[in-house]
Amino acid sequence: MKYQYYYNPNILNDSETQKVNKFCDIAHKQLSKNLITEKEYQFRIAKFLLKNYSDDLASEIYTNLRK
């Protein structure tokens, strides 16, 4: 199950949306090759968001990720 962030200008601009989706794509490739588990996949996305955005914004983005 692949996560994708769908563009919402109220939360992220287009450039930041692309940045989040690129990270999700890289993590998904690792998941597809069985290099990481589903739980690790979700953890990596959450960790990436927390590293790059404020806690509130990271939470908002994570909540709006789509499978």
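# Helix packing, aromatic pairs and loop residues

In this predicted model, Gln 42, Ile 45, Ala 46, Leu 49 and Leu 50 of helix H2 meet Asp 55, Ala 58, Ile 61 and Tyr 62 of helix H3. Helix H2 also packs against helix H1, at an angle of about 155°. Two aromatic pairs are present in the structure.

**Contact of H2 with H3**

- Helix H3 spans residues 55-63, and its axis comes within 8 Å of the axis of H2.
- The two axes cross at roughly 145°, and the crossing of H2 and H3 is right-handed.
- The residues that H2 and H3 bring to this contact divide by class into seven nonpolar, one polar and one charged.

**Contact of H1 with H2**

- Helix H1 covers residues 14-32 and helix H2 covers residues 38-52, and their axes are 10 Å apart.
- The angle between H1 and H2 is about 155°; angles over 145 degrees count as roughly antiparallel, and H1 and H2 are therefore roughly antiparallel to each other.
- The crossing of H1 and H2 is right-handed.
- On the H1 side the contact is made by Lys 19, Val 20, Phe 23, Cys 24, Ala 27, His 28, Gln 30 and Leu 31.
- On the H2 side the contact is made by Glu 38, Tyr 41, Arg 44, Ile 45, Phe 48, Leu 49 and Asn 52.
- Sorted by class, the contact of H1 with H2 has nine nonpolar, three polar and three charged residues.
- Ile 45 and Leu 49 of H2 are named in the contact with H1 and also in the contact with H3.

**Aromatic pairs**

- The structure holds two aromatic pairs.
- One is formed by Tyr 3 and Tyr 41, whose ring centres are 5.4 Å apart and whose planes stand at 45°, so the pair is tilted.
- Tyr 3 is in the segment before strand E1 (4-5) and Tyr 41 is in helix H2, so this pair ties together parts that are 38 residues apart in sequence.
- Tyr 3 and Tyr 41 are both buried.
- Phe 23 and Phe 48 form a stacked aromatic pair, with 4.2 Å from centre to centre and 5° between the planes.
- Phe 23 belongs to helix H1 and Phe 48 to helix H2, so the pair ties together parts that are 25 residues apart in sequence.
- Phe 23 counts as partly exposed because its relative accessibility is 23%, whereas Phe 48, at 13%, counts as buried.

**Thr 17 in helix H1**

- Thr 17 lies in helix H1 and counts as buried, at 5% relative accessibility.
- Apart from neighbours within four places in sequence, Thr 17 is in contact with Tyr 5, Tyr 7 and Leu 12.

**Loop between E1 and H1**

- Tyr 6 is placed in the loop between E1 and H1, and with a relative accessible area of 52% Tyr 6 is exposed.
- Tyr 6 and Tyr 62 are 56 residues apart in sequence, while their C-alpha atoms are 11 Å apart in space.
- Ile 11 is also in the loop between E1 and H1, but Ile 11 is buried, with a relative accessible area of 17%.
- Leaving aside neighbours within four places in sequence, Ile 11 is in contact with Tyr 5, Leu 57, Glu 60, Ile 61 and Asn 64.
- The C-alpha atoms of Ile 11 and Ala 58 are separated by 9.9 Å, and the two residues are 47 residues apart along the chain.

**Loop between H1 and H2**

- Asn 34 lies in the loop between H1 and H2 and counts as exposed, at 69% relative accessibility.
- Although Asn 34 is not a glycine, it has a positive phi of about 60°.
- Ile 36 is in the loop between H1 and H2 as well, and Ile 36 is buried, with a relative accessible area of 10%.
- Beyond neighbours within four places in sequence, Ile 36 is in contact with Ala 27, Gln 30, Leu 31, Tyr 41 and Arg 44.
- Ile 36 and Leu 65 are 29 residues apart along the chain, and their C-alpha atoms are separated by 19 Å.

Conventions. Residues are numbered from 1 along each chain as its sequence is written. This is a predicted model: local features need pLDDT of at least 70, side-chain atom pairs count only at pLDDT 80 or more; totals for chains, interfaces and linings use all residues. Side-chain values use heavy atoms; hydrogens and water are left out. Axes are lines fitted to C-alpha atoms, for helices over the stretch in contact, and angles run from 0 to 180 degrees between N-to-C directions. Helices (H or I, at least four residues) and strands (E, at least two) are DSSP runs, numbered from the N terminus. Angles under 35 degrees count as roughly parallel, over 145 as roughly antiparallel, 65 to 115 as roughly perpendicular and the rest as oblique. A crossing is left-handed if the near helix is turned anticlockwise from the far one by less than a right angle, and right-handed if clockwise. Contact means heavy atoms within 4.5 Å. Ala, Val, Leu, Ile, Met, Phe, Trp, Tyr, Cys and Pro count as nonpolar, Asp, Glu, Lys and Arg as charged, and the others, Gly among them, as polar. Rings of Phe, Tyr and Trp (its six-membered ring) pair if their centres lie within 6.5 Å; planes under 30 degrees apart count as stacked, over 60 as edge-to-face and the rest as tilted. Buried means under 20% relative accessible area, exposed over 50%, partly exposed in between (1.4 Å probe, protein chains only).
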